[in-house]
Amino acid sequence: FRAVDVDPELVFEAQLTASAGVRPPVDVVLWPEDVVDVDGPLAGSPEAGTLADLARTLGTTLVAGVVEDTEPGRFRNATLAWAPDGRVVARYDKVRRVPFGEYVPGRELVDRLADLSAVPRDAIAGRGPGILRTGAGPLGVLISYEVFFADRARAAVQAGAQVLLVPTNASSFTTSQVPGQELAAARLRALETGRTVVQAAPTGYSAVVDAGGGVRARSDLGAAAVLTRTVTLRQGRTLAVRLGDWPLVAAGAVLLVLMQGKVSALLAGLLPLPGRRR
């Protein structure tokens, strides 16, 4: 269901109910994206107190996706980390927003041409790499849509991430098509960075992907589940992290030149040269 059609309190309660299935000791508990939705800042809200209590009860680093309303028509999509003592110790605000999902480019113009009731407000873009520095280690974060961008994963690893977390929310999609694409992207990010990827979704796939791109655990669509796995914190940088997109850009440029040469040769064979009779 679209976010505008769902009561955020029901979503929050569903995550609390699922978390009752967590059996300590655990180092990290990952909640999905946009399952904590508050009017105004999170600090001082009832939800903040509940999350702090949960982290203390489980004795874990709790990572959860939070949406905060700011000024009218604007909001922040963030991932926060609570330490086992209940303190908020880290935060990352989503950098790559979904066009026409989390914000509308040229809203004033588009609003005259289309119904924007499903996207009533715009997300404020964050800055910097997705990294949460916690007692459980440096945790890289790609919030939902960001998993499709290799540069976000590289930035997190370059900032020291030893594992990648993907809090996501595919509630607008009723089939496996988009969740399947997202899981495939998570596998690519794991292969590129040499990091385990842990994904959590209220709908869509929650999954654990090892550093080789293998799916070690995956939830079913539309069914509540708690996945518990031991993952390895990894260091070092792969060639993909070191070199980025430049090898692909160079290979594409070479291919384009070769193709252009073949096209030119083909055209030369088809078209008569100036002054030549046929």
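Me: Which residues of α1 and α2 meet?
Reply: In this predicted model, F12, L16 and S19 of α1 touch E47, T50, L51 and L54 of α2. Divided by class, the residues of this contact are four nonpolar, two polar and one charged.

Me: Why are α1 and α2 called roughly parallel to each other?
Reply: Helix α1 covers residues 8-19 and helix α2 covers residues 46-58; they pack at an angle of about 10°, with axes 12 Å apart. Angles under 35 degrees count as roughly parallel. The pair is therefore described as roughly parallel.

Me: In which hand does α4 pass α5?
Reply: The crossing of α4 with α5 is right-handed.

Me: Which residues of α4 and α5 meet?
Reply: From α4 come A150, A153 and V157, and from α5 come R189, E192 and T193. This contact of α4 with α5 is made up of three nonpolar, one polar and two charged residues.

Me: How do you know that A156 is buried?
Reply: A156 belongs to helix α4. Residues under 20% relative accessible area count as buried. The value for A156 is 0%, so A156 is buried.

Me: With which residues is A156 in contact, leaving aside its neighbours within four places in sequence?
Reply: With those neighbours set aside, the partners of A156 are P129, G130, I131, G140, A161 and L164. As for L139, its C-alpha lies 8.2 Å from that of A156, and the two residues are 17 residues apart in sequence.

Me: Why is strand β8 described as largely enclosed by the rest of the structure?
Reply: Strand β8 covers residues 137-141, and five of its five residues are buried, so the description applies.

Me: How do you know that β7 and β8 pair?
Reply: Pairing requires at least two bridges between two strands. Strand β7 (residues 131-134) and β8 share four bridges and run in the antiparallel sense, so they qualify as paired. Across this pairing, R133 faces P138 of β8. The two strands form a hairpin, with two residues between β7 and β8.

Me: What makes β8 and β9 a pair?
Reply: Strand β9 (residues 163-167) runs parallel to β8 and is joined to it by three bridges. Since at least two are required, β8 and β9 are paired. The partner of G140 in β9 is L164, and the partner of V141 is L165.

Me: In what order do the strands of the open sheet stand?
Reply: The order is β7-β8-β9-β10-β11-β12; these six strands form an open sheet with mixed pairing. Why do β7 and β12 stand at the edges? Each of them has a single partner strand, so one side of β7 and one side of β12 (215-218) are left without a neighbour in the sheet. On average, neighbouring strands of this sheet are turned by 20° against each other, direction ignored.

Me: Why is D34 called partly exposed?
Reply: Buried means under 20% relative accessible area, and exposed means over 50%. D34 has 22%, so D34 counts as partly exposed. D34 sits in the loop between β1 and β2 (36-38).

Me: What is stated about phi of D34?
Reply: Phi of D34 is near 55°, a positive value in a residue other than glycine. F100, in the loop between β5 (88-93) and α3 (107-110), has a positive phi as well, near 65°, and is likewise a residue other than glycine.

Me: What kind of peptide bond joins P24 and P25?
Reply: The bond is cis, with omega about 5°. P25 is part of the loop between α1 and β1 (28-30).

Me: How many helices and strands are there in the protein chain?
Reply: The chain has seven helices and 12 strands. Its C-alpha trace spans about 90 × 50 × 30 Å along the principal axes. Of its 278 residues, 42% count as buried. Among contacts with a separation of 6 or more, 60% are between residues 24 or more positions apart.

Conventions:
Residues are numbered from 1 along each chain as its sequence is written. This is a predicted model: local features need pLDDT of at least 70, side-chain atom pairs count only at pLDDT 80 or more; totals for chains, interfaces and linings use all residues. Side-chain values use heavy atoms; hydrogens and water are left out. A crossing is left-handed if the near helix is turned anticlockwise from the far one by less than a right angle, and right-handed if clockwise. Contact means heavy atoms within 4.5 Å. Ala, Val, Leu, Ile, Met, Phe, Trp, Tyr, Cys and Pro count as nonpolar, Asp, Glu, Lys and Arg as charged, and the others, Gly among them, as polar. Buried means under 20% relative accessible area, exposed over 50%, partly exposed in between (1.4 Å probe, protein chains only). Axes are lines fitted to C-alpha atoms, for helices over the stretch in contact, and angles run from 0 to 180 degrees between N-to-C directions. Angles under 35 degrees count as roughly parallel, over 145 as roughly antiparallel, 65 to 115 as roughly perpendicular and the rest as oblique.
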